[in-house]
Amino acid sequence: MVAVTTHFGGPLNVLDDLPTSIARLPAPALADVLDGPTLFDLRKREAPPLFVSVLLHGNETSGWDAVRHLVDEISAASVLLFVGNVEAARRGTRSIPGGLDFNRVWEGGHTAEAAIADEVTAFAAAARPYLAVDVHNNTGDNPPYAVVTDTRPRTLSVARAFARRALLTAQPEGFLSRRFAEFCTAVTVEVGMPRDADSTERATAFLSRLLTSATAPDDDPADLALFETTARILSTDGAVIDPSVQRFNFRPAPAGTALTRSGPLVAEDASGDDVTDAYLAHEDGAMVLKRSTHIAMYTGSEESARQDCLCYLLRPLNGQRHG
């Protein structure tokens with residue numbers, strides 16, 4: 001066992017077993033026993049591992065809760081388990097106050113967070129996982145869905161094994177599954193909101209299937225509702241969100257739908273270019289859609305809208321209207 005003390009200022013912790021004493025702990029208590037982001041190297045000889053990442057955002061706890069339910073299965077399988085921002089989990093926050101979003105640092109940079117991400121990536125790439133799964137919760141009311149960065153058949157099969165909906169996206173830069181897709185099949189699974197018990201059940205069921213089969217799913221993606229993100233909607237100072245807009249997540253919102261009650265928004269495409277005028281207009285102090293557009297990940301949290309984004313705009317890729 002190797003354990004190196006760190007929060008984001010030192011080397012990666014690597015442990016070669018997952019003690020039940022740790023697995024029993026709720027996410028906020030992990031920082032008491034893990035001195036920072038920790039990679040559990042539970043690989044079995046000559047068996048390609050499954051890579052699983054949880055708690056990149058400290059307040060998204062369903063992935064860790066699923067691990068707690070599956071500790072015996074995980075210990076028996078060939079697995080690399082990465083437990084991310086335990087200090088944020090202690091605080092019940094997305095990230096450490098004043099720190100970077102730990103799911104935006106996986107494609108380079110000169111920060112302590114990026115250094116840890118590089119170590120994890122190098123370790124995982126050398127281990128040649130057959131699949132990488134990053135488990136997340138939403139901050140808004142969304143159906144379960146997968147996030148993919150390519151449309152290779154195997155990627156879409158894995159996405160369909162989790163849910164009937166998937167987002168194809170290249171934005172924002174720096175998220176884990178985008179980096180890992182360079183060397184293995186990689187998906188992000190969005191299991192629902194943390195307070196919803198079904199979120200943990202979804203994560204548990206999906207990970208259990210992967211652990212049992214020890215191979216990537218080969219589900220037929222023919223009925224997968226695939227959407228591509230066209231713009232990321234950023235909140236600005238003074239913007240007041242309207243939680244009722246969550247009803248449009250993964251549905252087309254009609255032209256004239258107000259995305260805020262008041263205040264401006266900015267729309268960016270995958271290149272980071274400002275495309276606000278293509279999608280949004282000012283009306284009575286609010287920002288409204290210029291045309292009917294699918295929405296996803298509209299958040300009910302003002303804080304999340306400020307820290308990350310308000311929502312994404314989508315276009316269906318396979319004729320699906322409601323996903």
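User: Which residues in α6 are buried?
Analyst: In α6 the buried residues are Thr155, Leu156, Ser157, Val158, Ala159, Arg160, Ala161 and Phe162. Buried means under 20% relative accessible area, exposed means over 50%, and partly exposed is in between, with a 1.4 Å probe and protein chains only. Helices (H or I, at least four residues) and strands (E, at least two) are DSSP runs, numbered from the N terminus.

User: What kind of model is this, and how are residues numbered?
Analyst: This is a predicted model, where local features need pLDDT of at least 70, side-chain atom pairs count only at pLDDT 80 or more, and totals for chains, interfaces and linings use all residues. Residues are numbered from 1 along each chain as its sequence is written, and side-chain values use heavy atoms, with hydrogens and water left out.

User: Where is Leu168, and what does it touch?
Analyst: Leu168 is in strand β7. Not counting residues up to four places away in sequence, Leu168 touches Val148, Thr149, Asp150, Thr151, Leu226, Phe227, Glu228, Thr229 and Leu317. Leu168 counts as buried because its relative accessibility is 13%.

User: Now α2 and α8. At what angle do they pack?
Analyst: Helix α2 (residues 62-69) and helix α8 (residues 197-213) pack at about 55 degrees, and their axes are 8 Å apart. Axes are lines fitted to C-alpha atoms, for helices over the stretch in contact, and angles run from 0 to 180 degrees between N-to-C directions.

User: Why are α2 and α8 called oblique?
Analyst: Under 35 degrees counts as roughly parallel, over 145 as roughly antiparallel, 65 to 115 as roughly perpendicular, and the rest as oblique. The angle of about 55 degrees therefore makes α2 and α8 oblique to each other.

User: Which residues meet there?
Analyst: Ser62, Asp65, Ala66 and His69 in α2 meet Ser199, Thr200, Ala203, Thr204 and Leu207 in α8. The residues of this contact divide into 3 nonpolar, 5 polar and 1 charged. Ala, Val, Leu, Ile, Met, Phe, Trp, Tyr, Cys and Pro count as nonpolar, Asp, Glu, Lys and Arg as charged, and the others, Gly among them, as polar.

User: What is the phi of Leu55, and what is that of Ala214?
Analyst: Leu55 has a positive phi of about 60 degrees, and Ala214 has a positive phi of about 55 degrees. Neither Leu55 nor Ala214 is a glycine.

User: Are those two buried or exposed?
Analyst: Leu55, in the loop between β3 (50-54) and α2, counts as buried at 1% relative accessibility. Ala214, in the loop between α8 and β9, is exposed, with a relative accessible area of 52%.

Conventions. Contact means heavy atoms within 4.5 Å.
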